[in-house]
Amino acid sequence: MHNEKFLRVLSRQYPTERAVISEIVNLQAILSLPKGTEHFLTDIHGEFQQFSHVLRNGSGSIRTKIEEVFGNTETASTKRALATLIYYPKEKLEIVRQTEKGEDLKDWYTVTLHRLVAMLRRVSSKYTRSKVRKIMPEDFAYVIEELITEKEELTDKQAYYNSILQTVIRIGAAEALIEALCNMIQTLVIDHLHIIGDIFDRGPGPHQILDKLLHYHSMDIQWGNHDIVWMGAAAGSKICIANVVRLCARYNNLDVLEEGYGINLTPLVTFCMKAYGHMDRQAVHKAISIIQFKLEDAMIRQNPEFEMDKRLILDKINWEKGTITIDGKEWKLNSEKLEDDFPTIDRKNPAKLNEDEIMVMNRLAYSFMHCEKLQNHVKFLYKKGNLYKVFNGNLLYHGCMPLDSEGKFLKVNIFGKEFSGKALYDELEVWARKGYFSKPGSKEKERGESILWYLWTGPKSPLFGKDKMACFENMFIEDKAASKEHKNHYYDEVEDVATVEAILTEFGLDPKTAHIINGHVPQEVKKGDSPIKCGGKLLIIDGGFAAAYHEKTGIAGYTLVCNSYGLRLVVHEKFTSCDQMIATDSDIVSDTITVEKFPSRHYVADTDRGLEIKEQIQELEDLLELYRRGQ
């Protein structure tokens with residue numbers, strides 16, 4: 001029997017025996033519904049149009065439902081056109097309006113509405129009426145509910161439905177209803193969305209992606225290293241701000257800062273003109289990079305437990321020889337005149353910011369911390385996000401579980417205490433939150449900001465997973481051997497059953513049935529890489545979603561779909577444009593790979609939500625027992 005005080009509080013929500021019985025029956029019935037479809041995306045990297053399309057088509061889920069509903073009763077072209085309409089109702093309706101006139105347009109409305117109602121019936125069948133009702137647009141709630149609900153008591157049901165549809169068409173509401181039905185289908189075909197890191201950088205639209213996610217019906221986020229550095233920038237960390245601006249300059253995406261977020265780059269531009277004598281993207285990239293290297297020098301010296309002394313490199317430049325010594329090896333710098341490439345470095349104190357650099361970083365920090373849109377996006381990342389998530393028997397994280405050379409959990413020093421495995425993730429997340437939410441000027445905030453930066457680039461960071469980030473080497477050393485980055489031993493062990501099962505066990509999961517799902521490292525398909533590791537126990541679903549990776553991977557990304565029947569990996573063709581998709585009724589799903597077919601269909605009772613419902617049922621049954629005792 002549950003605590004009496006708790007049951008007294010529960011009785012306020014269910015004040016009568018009948019109210020309790022009704023809710024028990026409702027919850028018990030929900031357990032028997034099929035499990036909702038989960039959709040997994042990772043490493044989106046600012047590619048808004050492609051992301052938006054994949055979200056609209058549910059990685060082929062809508063196309064699958066169309067096949068289930070219409071099968072061989074409709075032509076392939078009709079089914080493609082219906083899919084495009086569901087993805088882009090506004091745009092498709094505008095085209096139809098131009099090509100169909102008079103009675104032909106009315107006939108098109110009638111046929112299309114019947115098809116969409118049939119689709120909505122199918123995709124809503126695994127949900128309660130209450131859940132479906134909540135997503136109905138208020139203006140059409142009555143009409144839609146009547147159309148998708150069976151009414152056995154009506155002797156002429158078909159005439160009743162036709163009357164509703166013909167009236168809608170006659171009064172000029174057909175297009176509004178079509179749009180409402182399409183949006184409901186999009187929403188219901190995917191029950192829950194997982195974003196496994198790296199929304200930001202490389203592509204031009206991370207702010208648009210987050211604007212869209214703000215309104216998504218059910219989702220979670222596992223932070224990637226590219227997300228965490230933006231979170232640090234929003235917290236006011238100057239070292240994170242420098243990294244963010246450098247990446248935007250490198251990938252020619254400064255518009256994301258200026259137009260997407262309204263960040264004032266004028267002080268930086270003015271500084272470039274003064275220090276370098278000209279202002280272009282390359283100058284901005286070089287100027288902010290030098291500032292970054294100086295800030296990193298100070299950060300590494302202030303945090304010896306990070307064990308990053310090898311990245312103290314500015315004082316290793318030999319100005320007379322034009323070389324630099326990194327990790328004990330001397331490399332030739334690619335600069336003809338060092339004074340041209342490094343005009344702001346004081347050779348006697350190379351890591352010291354000059355007055356102009358200090359002013360630039362102060363102004364940038366103010367802009368980042370006072371950008372309302374960025375702050376709203378980052379608060380959303382904290383609200384919906386974590387370093388990892390255990391969900392329906394799967395473990396989700398962006399990068400890796402840091403391992404040592406023997407394949408054991410790597411011990412990491414966090415401010416004097418060692419952590420490894422799940423405890424390392426938990427401790428790092430605590431500090432990542434303190435870095436943003438702690439009181440400005442406090443020791444906790446300072447330490448939290450340093451952890452946000454360490455998560456971005458630290459050699460033992462579970463989000464980064466490499467021994468170094470070779471920014472300096474890529475910019476100033478022609479010999480590419482200097483830029484070689486070595487991955488964490490995790491990536492050597494992804495096919496080892498014992499290691500993968502040990503990670504799953506560490507997070508309290510059944511290693512026989514659970515999966516690890518992560519991204520971060522693009523799988524080069526054209527070289528034979530497979531995202532399915534360890535017999536399907538581990539899935540690295542980064543297939544190069546960002547356009548910058550398409551040539552490297554040979555595809556335009558992977559996504560993963562988990563429905564009540566099993567797991568399937570979706571391979572995406574290279575994305576062209578939304579306009580072309582709409583005009584040609586084309587799609588970007590090129591292939592699907594069955595990862596696992598469940599031995600039996602999964603129901604709500606088999607999910608995390610099912611466990612919660614079972615607990616609720618037990619609580620209500622305890623309350624019912626007390627009511628029946630007269631207590």
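**H53 and its surroundings**

I started at H53 and listed what it touches beyond four places in sequence: Y87, Y88, F575, M581, D587 and I588. This is a predicted model, so I treat every value here as computed from a prediction. H53 sits in helix 3. I looked up its relative accessibility, which is 0%, so H53 counts as buried.

Next I went to H45, which is in the loop between strand 1 (38–41) and helix 3 (48–57). I noted its backbone angle: phi is positive, about 50°, even though H45 is not a glycine. I wrote a reminder to myself that most residues other than glycine have a negative phi. H45 counts as buried, at 2% relative accessibility.

**D327, another positive phi**

I found a second case at D327, where phi is about 55° and the residue is again not a glycine. D327 lies in the loop between strand 5 (323–326) and strand 6 (329–332). Is D327 buried or exposed? I get a relative accessible area of 55% for D327, and over 50% counts as exposed. So I have H45 as a buried residue with positive phi, and D327 as an exposed one.

**H226**

I then followed H45 to one of its contacts, H226. H226 lies in helix 13, which covers residues 225–235. Leaving out residues up to four places away, H226 touches H45, D198, F200, D201, R202, L247 and W456. At 6% relative accessibility, H226 counts as buried.

**H520**

Which residues does H520 touch, not counting those up to four places away in sequence? I wrote down T42, D43, D198, N225, H398, G399, L463, F464, Y491 and D542. D198 is on this list, and D198 is on the H226 list as well. H520 is in the loop between strand 12 (515–518) and strand 13 (532–533). H520 is buried, with a relative accessible area of 13%. I also checked a distance from here: C534 is 14 residues from H520 in sequence, and the two C-alpha atoms are 18 Å apart.

**H114**

Apart from neighbours within four places in sequence, H114 is in contact with Q158, N162 and L165. How far is H114 from T323, C-alpha to C-alpha? I get 73 Å, for two residues that are 209 apart along the chain.

**Cysteines**

I searched the whole structure for disulfides and the count is 0. As a note for myself, a disulfide is a covalent bond between the sulfur atoms of two cysteines. C248 is in no disulfide, and its nearest cysteine sulfur, in C371, is 12 Å away. C248 is buried, with a relative accessible area of 4%.

I had to bring in the cut-off here, because a disulfide needs the two sulfur atoms within 2.5 Å. C578 is buried too, at 13% relative accessible area.

**Zooming out to the protein**

I finished with the overall numbers. The secondary structure comes to 27 helices and 17 strands. The radius of gyration is 28 Å, close to the 25 Å that the globule rule gives for 631 residues, so the protein is as compact as a globular protein of that length. I boxed the C-alpha atoms along the principal axes and got roughly 95 × 70 × 45 Å.

How much of the protein is made up of buried residues? I have 56% of the 631 residues as buried. The accessible surface comes to about 28300 Å², and 48% of that belongs to carbon and sulfur atoms.

For contacts, I took the ones with a separation of 6 or more, and 71% of them are between residues 24 or more positions apart. Last, I looked at charges: there are 82 positive and 92 negative ones.

Definitions and conventions: Residues numbered from 1 in each chain as written. Predicted model: local features only at pLDDT ≥ 70, side-chain atom pairs only at ≥ 80, totals over all residues. Heavy atoms only, no water. Helix = DSSP H or I, 4+ residues; strand = E, 2+ residues; numbered from the N terminus. Rg over C-alpha atoms; globule rule 2.2 N^0.38 Å. Buried < 20%, exposed > 50% of the residue type's maximum accessible area, 1.4 Å probe, protein only. Contact = heavy atoms within 4.5 Å. Areas by Shrake-Rupley, 256 points an atom, 1.4 Å probe, with all protein chains shown as cover. Lys, Arg positive; Asp, Glu negative; His and termini not counted. Charge placed at Lys NZ, Arg CZ, Asp CG, Glu CD.
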